[in-house]
Amino acid sequence: MAPKEKGPLLNHNGRPYHALIAEQFDRPLLDRIVDTATKMRKIGKTRGGMKFLQDLLSEKRAMLYFAQPSTRTFLSFYAACQILGIQPAEVRDARTSSEVKGESQEDSVRTFSSYFDLIIMRHPQGGFAERIAWMLSGTDRPVPVINAGSGKDQHPTQALLDIYSLQRSLEIRRGGLEGAKIAFVGDLLRGRTVRSLSLLLRHYPGVKQYFVAPEQLQIGSDILEKLDAAGMEYEVTSDFEKVLPELDAVYMTRIQDEWDQAGESGAVDITKFYLRAEHLSVLKEKAIILHPLPRRHEIAPEVDADPRAKYWRQVRNGMWVRATLILMIFERDHEINSYYEDLMS
Amino acid sequence: MAPKEKGPLLNHNGRPYHALIAEQFDRPLLDRIVDTATKMRKIGKTRGGMKFLQDLLSEKRAMLYFAQPSTRTFLSFYAACQILGIQPAEVRDARTSSEVKGESQEDSVRTFSSYFDLIIMRHPQGGFAERIAWMLSGTDRPVPVINAGSGKDQHPTQALLDIYSLQRSLEIRRGGLEGAKIAFVGDLLRGRTVRSLSLLLRHYPGVKQYFVAPEQLQIGSDILEKLDAAGMEYEVTSDFEKVLPELDAVYMTRIQDEWDQAGESGAVDITKFYLRAEHLSVLKEKAIILHPLPRRHEIAPEVDADPRAKYWRQVRNGMWVRATLILMIFERDHEINSYYEDLMS
Amino acid sequence: MAPKEKGPLLNHNGRPYHALIAEQFDRPLLDRIVDTATKMRKIGKTRGGMKFLQDLLSEKRAMLYFAQPSTRTFLSFYAACQILGIQPAEVRDARTSSEVKGESQEDSVRTFSSYFDLIIMRHPQGGFAERIAWMLSGTDRPVPVINAGSGKDQHPTQALLDIYSLQRSLEIRRGGLEGAKIAFVGDLLRGRTVRSLSLLLRHYPGVKQYFVAPEQLQIGSDILEKLDAAGMEYEVTSDFEKVLPELDAVYMTRIQDEWDQAGESGAVDITKFYLRAEHLSVLKEKAIILHPLPRRHEIAPEVDADPRAKYWRQVRNGMWVRATLILMIFERDHEINSYYEDLMS
């Protein structure tokens, strides 16, 4: 079970050991996550089901180390732990930390690994979660690490919940994600969400991706090269209204101006990349609208009441997908299958 | 059960759906809260009783959203959740929140409603909890909202615990709250506690209220009008020492100078509204002294040891009353009655 | 059981009532802590064992009041509570507290005692935990207080975990702590850890202590006087390399420059008190290296991989020792013995 032998990403049963980058999830793993999360959601609808879930990992403790502000992702993981009976602890504010006494970040995290069975971390520095996972692999407490967002690059569990939301909604509407036309709209340069999700979509044949953004904030060429290599179809455009009627899913994003270095965002007329009430009439009846949230003005309030708006369901899906991932890391996901079968029989 | 049909304050079983304003509690509801809280306190005295309580709502998760600093109320609700087995999560510091990314407050709270089954919130803005409760009513997760203090106006659970403390202490001493003489002393203009409690006392026939404050900080005329309309007796005065010997209960409050706009508080000689050691000799032997806390200098330390000082018991009562309210919201309070009957038989 | 009759440090069964100062622990109590912590650690290795532990104090709630930043000690206590099923709550940031409303510290803590069954506190002020323990003794909720570090003087649970780490490691290597040669290295003037530990070592006959520090940061003469009075052997020196080959245990510490009043630390060449890679060859093969952490540069990274480096195990020991202490305070430690015997039989 030592990650040193297997690499840090999969354990000997083919389940994730750590969850560090979106690319570590292949199609069978994605399908298993979608399937288990759906079953868990259904189990969680009754009091007895919730009690069953809360017993699954009640002997575990998790550290949520969020060195970067994030209410949504933090609470989503927090609730996911609670659903599974895992007792959470948190370090959300660097100022209360031993770092003020000059401790290295590695030592801080190694302390967490001494007390807790799982580390869920968000960090402003790219690659930080991976560095920590490798560091822990060399110790006698190589606890699993889940990357809850690091730098501009990776936010793998957001990508997983997006896959789940796309897959579930499009299954009902058009039989699945394969062959769907999906647009990413807004700040694609710095939104790590879209970058991760775009690469995961390579596992779904026939998907066409539209990258709809002002030139200055377009998707990185590294992503496009990977899509090319995988033979995926895509379109890069700044004409939102032109592509809108073709879409099965619109994935809206906000301007990430906290990453601005020289006021890039200010020079751009981002309002052309807003989803407004009048757009609803040109959008397909069976299309869905997603947004990783938080939003500012990218989606008009009138859109919220439209049945195609799925971003609040997407938020809640995140909790179930994260609970699923944690359960898989601890290799207890098969118990969901057994309970679900009993429930259905 | 949808709050849209019934209004947001009562559910179909006559229990509170949300807890937003003191005025939503009528006498039967108050009596039920007092009765259940007392039983719960007694059940909680044994290990077995605590385990019974902790099982009642163990499948629930609560969000404590405190956008305004408050240790006492926060911890009181936190402990109340723990007593009932509810798993709490918290957002206490606006700086860690998505609001820094430009999200609306409504979206922030709607996120909480996606992950949690109950929202307990304190907010500096008057009417905020009500606005949120109505907003959630229009969504597919209309989770209950408890107002833990909003603006200068409402702090309904403080009023409930005050009613409980008055009722319990005066029951033993003089057979109940009806007909009691109760003085509110200090900053009555801005202390939301007194405003809410004063209105709730309309449900107790024969109570006479004394508003003892410097002119600049006297109780609002809106409250007096409502007391008039209900035919309640009251006296507005700045002579603390004169009324002191008549009282069954003295409710002390502190100067709320965090609401000062132009140094109002500084111009007032508030020391005339302090309860000093020498006052104890003129106070009735069976009177009680309450204070919502925190206190500064309104009550001399020598008073603490006097058997009439009930403010620390009042603090602990708050925890039990809040647990009772939460249990009623989830319609599980009848289980307290069954367990209590078994215990007594 | 009231602490007033017995003094606040021991209850009627000879177990600690509060845990305030290292000196309150005598040898029988230390031996019992070491024994129980070892059994608890072993019980905690299985899922069933963890569930047994989590049931022990599941009806209790603890307040962790940390008025001074400390991630390590905080999380250690937090995890210790979780292991025992105690539900923790925290106040870690003075700014969110009622203190901003002018409340006294005594009133703040008395509020905690109203809601919780145990108070674990860290405070910058020396003697604060003791003052609070005595204050609570006079109230009708005299809940136990654990000192998690106060001022420059006391950090008793750190001393307990150090005793545990020394005792366990030296037992295997040389049959126990008695007669061992132990050096304290670094800032001995202000490191409260060393002061407490040094005094506890008086209970272990034959131990020789070396105080290795620059003159300006040497151990206080009050400690040396107490060692003299107990007839303990010690050496005060600034020559680290000379004593190194003699040692059974090296206890490294960092410069506590947060206590600097006039830049004392800057004037000292502290690098002479670093443990460097080349020192490993002169250190006995069976010696152990400890550090209370956080560290800065006192221990070279190359040392981490050496089997004599025990500071990460020491961190984890802290969690088990704290859980043991809490269990003893609530007089439930005998259940560890029963469970352990069943396990072994």
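Guide: Some terms to begin with: two strands pair if DSSP finds at least two bridges between them. Strands (E, at least two residues) and helices (H or I, at least four) are DSSP runs, numbered from the N terminus. This is a predicted model: local features need pLDDT of at least 70, side-chain atom pairs count only at pLDDT 80 or more, and totals for chains, interfaces and linings use all residues. Residues are numbered from 1 along each chain as its sequence is written, with chains lettered from A and ligands numbered from 1 in written order.

Visitor: Which residue of E2(C) does C:Tyr65 stand opposite?

Guide: C:Val91. E1(C) and E2(C) pair in the parallel sense, over five bridges.

Visitor: And how many bridges join E1(C) to E3(C)?

Guide: Five, and these two strands also run parallel. E3 covers residues 118-123 of chain C. There, C:Met63 has C:Ile119 as its bridge partner.

Visitor: Is E1(C) buried or exposed?

Guide: Six of the six residues in E1(C), 61-66, are buried, so the strand is largely enclosed by the rest of the structure. Buried means 20 or more other C-beta atoms within 10 Å of the residue's own, with C-beta atoms placed from the backbone. C:Arg61, C:Met63 and C:Tyr65 lie on one side, C:Ala62, C:Leu64 and C:Phe66 on the other.

Visitor: New topic. How many residues of chain C are in contact with chain B?

Guide: 20, against 21 residues of chain B. Contact means C-beta atoms, placed from the backbone, within 7 Å.

Visitor: What gives the most on the chain C side?

Guide: H5(C), with six residues.

Conventions. Two residues are in contact if their C-beta atoms, placed from the backbone, lie within 7 Å. A residue is buried if 20 or more other C-beta atoms lie within 10 Å of its own, exposed if 12 or fewer, and partly exposed in between; C-beta atoms are placed from the backbone.
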